[in-house]
Amino acid sequence: MYLIPSYTLISTMLDLNKKSMAVMLNPILNHVPLVEKDYYDMYPDVKKQIDSGVLVSARQHYVNNGYFEDRLPFKISVDAIFYLEQYEDIREVDNLNQHYIESGYKEGRIPFCPEFDMDYINNSYPNWKEHADSLSIEKTVEAYYLHYGFKHLMLPRPLTFIPR
């Protein structure tokens, strides 16, 4: 599984209001893998609302509100070595997973290096090497993705949906 960028990050790039973004993202958000137990563990307020009948499901909350509140659809296991190598400013943080849930995700930080489908990358982003060169970024897909691609909605591999 991999993440779609946070609402906070996308909203800084697109000049759309929340309602327009909700309409645009709804088909994607309805198919984002969501692990209910993880969602309840991370966000007990949602579980409380479901138990009291205010909400129907974790999925309903995530699609209608959670994504727009920069909530994650499942727990993330931060690769500590990778995360600390990328983000020196958080070296003193005690719990990297908690940091990612509370602020790293919305800041556009990447918790681990994703697996790349190079055929997909080269077909979908044929000029990434030249662009990396123009940005003075190392010409590896990992470096390009970390410094530019993720924050500009580059996908590391084709987006596939898990049927519900």
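I count a contact when heavy atoms lie within 4.5 Å. The model I am reading is predicted.

**Entry: Tyr67.** I looked up which residues Tyr67 touches. Leaving out residues up to four places away in sequence, I found Ile4, Pro5, Ser6, Tyr7, Ile10, Leu25, Leu29, Tyr62 and Tyr105.

**Entry: the core.** Next I checked the largest nonpolar core, which has 46 residues. Leu29, Tyr62, Tyr67 and Leu72 touch the most other members. Helix H10, residues 141–149, supplies the largest share of this core, five residues. In general, nonpolar side chains tend to be buried together in soluble globular proteins.

**Entry: helix H10.** Which residues of H10 are buried? I noted Val141, Ala143, Tyr144, Tyr145, Leu146 and Gly149. Their cover includes helix H6 (80–86), helix H8 (118–124) and helix H9 (128–134).

**Entry: charges.** How many salt bridges does the structure hold? I found seven. One joins Lys75 to Asp41, with the closest N and O atoms 3.3 Å apart. This pair links distant parts of the chain, 34 residues apart. Lys75 sits in the loop between helix H5 (58–66) and H6, and Asp41 in helix H3 (residues 36–42). Lys37, Asp41 and Lys75 are linked in a network of salt bridges.

**Entry: buried or exposed?** I then looked at Glu107 and Arg109, whose side chains meet in a salt bridge at 2.5 Å, N to O. Arg109 has a relative accessible area of 11%, so Arg109 is buried. Glu107 is partly exposed because its relative accessible area is 39%.

Methods. Residues numbered from 1 in each chain as written. Predicted model: local features only at pLDDT ≥ 70, side-chain atom pairs only at ≥ 80, totals over all residues. Heavy atoms only, no water. Core = buried A, V, L, I, M, F, W, Y, C linked by side-chain atoms within 4.5 Å. Buried < 20%, exposed > 50% of the residue type's maximum accessible area, 1.4 Å probe, protein only. Helix = DSSP H or I, 4+ residues; strand = E, 2+ residues; numbered from the N terminus. Salt bridge = Lys/Arg side-chain N within 4 Å of Asp/Glu carboxyl O.
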